[in-house]
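Look over the structure, then work through the points by topic.

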Amino acid sequence: MTTDSKFLRTFEGEVFASPPIWFMRQAGRYLPEYRELRARAGSFLDLCFNPELASEVTLQPVRRFDLDAAILFADILLIPHALGQKLSFVENEGPRLEPPVSMKDLDGFRERDVVESLSAVFETVSKTRAGLAPDKALIGFAGAPWTVATYMLAGGPMKDPGVLRQRLYEEPEFIDGLMDILTEKTIAYLLAQIDAGADAVQLFDTWAGGLPWPVLDRVSVRPLDRISKAIKSARPNVPVILFPKGVGEKALDYVLLQGCDGFGIDYAMDPGWARANLAERVVVQGGLDPLLTIPGGKDMEEAASTYLRLFHDVPYIFNLGHGFTPKTPPEHVLGLVNFIRRNG
Ligand code: CP3
């Protein structure tokens with residue numbers, strides 16, 4: 001089935017003179033229209049659970065920059081929230097999950113129906129899909145089990161990765177049990193997003209980098225293998241994009257997975273290496289350092305043209321190597337999009 005969507009056609013092997021574009025964290029605080037709706041919603045969580053406003057926020061950057069894909073407005077920490085851990089976002093500090101998870105919580109977590117608790121998210125998906133033109137794709141997402149687990153175990157952003165690394169060895173039963181639960185719940189959550197109208201899904205493994213060998217395989221590659229395989233077998237036409245940040249040449253282990261259709265490269269990865277080693281197997285996405293969009297201008301354009309040049313003859317999706325921060329001026333994003341459309 002051929003679609004009008006440049007983003008989806010890239011996964012069918014099509015190469016465009018100017019590649020499809022979307023950006024991680026394309027909806028967020030750098031946009032004044034986001035800040036306004038966010039203030040109206042009250043808290044960040046209220047915004048995530050309000051389908052009307054969340055869908056509007058999802059559409060804002062697509063409208064402003066005429067992007068090729070929207071990404072559902074939600075957060076990777078809605079899963080721990082649905083499992084019963086108390087989630088809050090503290091101004092200027094980030095997320096807090098209370099109390100930190102422990103072994104005694106696991107049985108309760110297994111019983112929880114995340115699809116039922118997160119029904120507002122699926123409503124946002126269907127509302128957004130209805131509000132999008134047919135040539136724009138809608139991307140659903142979840143956090144990868146390891147990245148979500150780091151927040152659940154630390155009760156927020158991990159301060160010392162060594163502490164969690166130690167627990168991987170000292171409490172293998174607990175950690176592997178938690179990973180198993182998160183894997184199962186994430187599969188159900190993503191399938192429900194697809195059924196509500198998501199055209200593709202992305203898994204964010206922000207904290208995969210720095211994991212010791214061979215623990216990376218245990219807590220990142222294998223859970224993502226299970227999730228992507230389950231989605232592929234249930235919904236074979238829905239592209240699955242993996243974004244394990246900071247894994248370097250271990251990217252090879254992910255792109256060989258049966259269920260992996262796309263791979264997001266981070267800003268540290270050598271795009272020449274990615275072109276030579278990844279692009280023949282999957283659709284490569286991203287790479288540009290989001291911090292280059294703060295000064296913008298020539299340096300940003302030069303870096304963007306490196307990715308355009310290297311990937312001009314293979315299916316490629318333009319994106320960043322991690323999300324925008326609130327400091328990016330929206331005019332620089334418009335400049336970047338225009339540059340890609342002119343020079344692709
Ligand atoms: O536009 C989009 O990208 C869609 C929505 C989206 C958000 N978070 C909204 C958000 C997505 C895909 C995420 C993913 C996410 N959330 C990740 C993985 C990607 C990455 O950035 O590494 C992680 C680790 C989280 C957890 C999280 N959420 C943190 C650590 C924070 C606080 C730090 C920060 O940037 O403020 C959040 C909050 C959050 N999630 C905001 C947004 C727009 C800012 C909240 C606000 O408006 O106050």
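A salt bridge is a side-chain nitrogen of Lys or Arg within 4 Å of a carboxyl oxygen of Asp or Glu. By that rule, the structure holds 23 salt bridges. Keep in mind that this is a predicted model.

**Salt bridges**

- One of the salt bridges joins the side chains of arginine 63 and glutamate 56, with 3.0 Å from N to O.
- Another salt bridge links the side chains of aspartate 180 and arginine 226, and here N to O is 2.8 Å.

**Around the ligand**

- The ligand has 20 residues around it, and those that come nearest are Arg29, Tyr34, Arg38, Asp75 and His322.
- The shell around the ligand is made up of 13 nonpolar, three polar and four charged residues.
- The space that the ligand takes is the largest pocket.

- Arginine 38 places a polar side-chain atom 2.7 Å from an oxygen atom of the ligand.
- Aspartate 75 has a polar side-chain atom 2.7 Å from a nitrogen atom of the ligand.
- In histidine 322, an N or O atom of the side chain is 2.7 Å from an oxygen atom of the ligand.
- How much of the ligand does the protein bury? Taken alone, the ligand exposes 870 Å², and the protein buries 88% of that.

How values were computed. Residues numbered from 1 in each chain as written. Predicted model: local features only at pLDDT ≥ 70, side-chain atom pairs only at ≥ 80, totals over all residues. Heavy atoms only, no water. Near = heavy atom within 4 Å. Polar contact = N/O pair within 3.5 Å; in protein donor to acceptor, adjacent residues only side chain to side chain. Areas by Shrake-Rupley, 256 points an atom, 1.4 Å probe, with all protein chains shown as cover. 1 Å grid on protein atoms, 1.4 Å probe; cavity = no way out; pocket = protein on both sides within 12 Å on 5 of 7 lines; lining within 4 Å. Sits in = over half its atoms within 2 Å of the grid points. Nonpolar A, V, L, I, M, F, W, Y, C, P; charged D, E, K, R; others polar.
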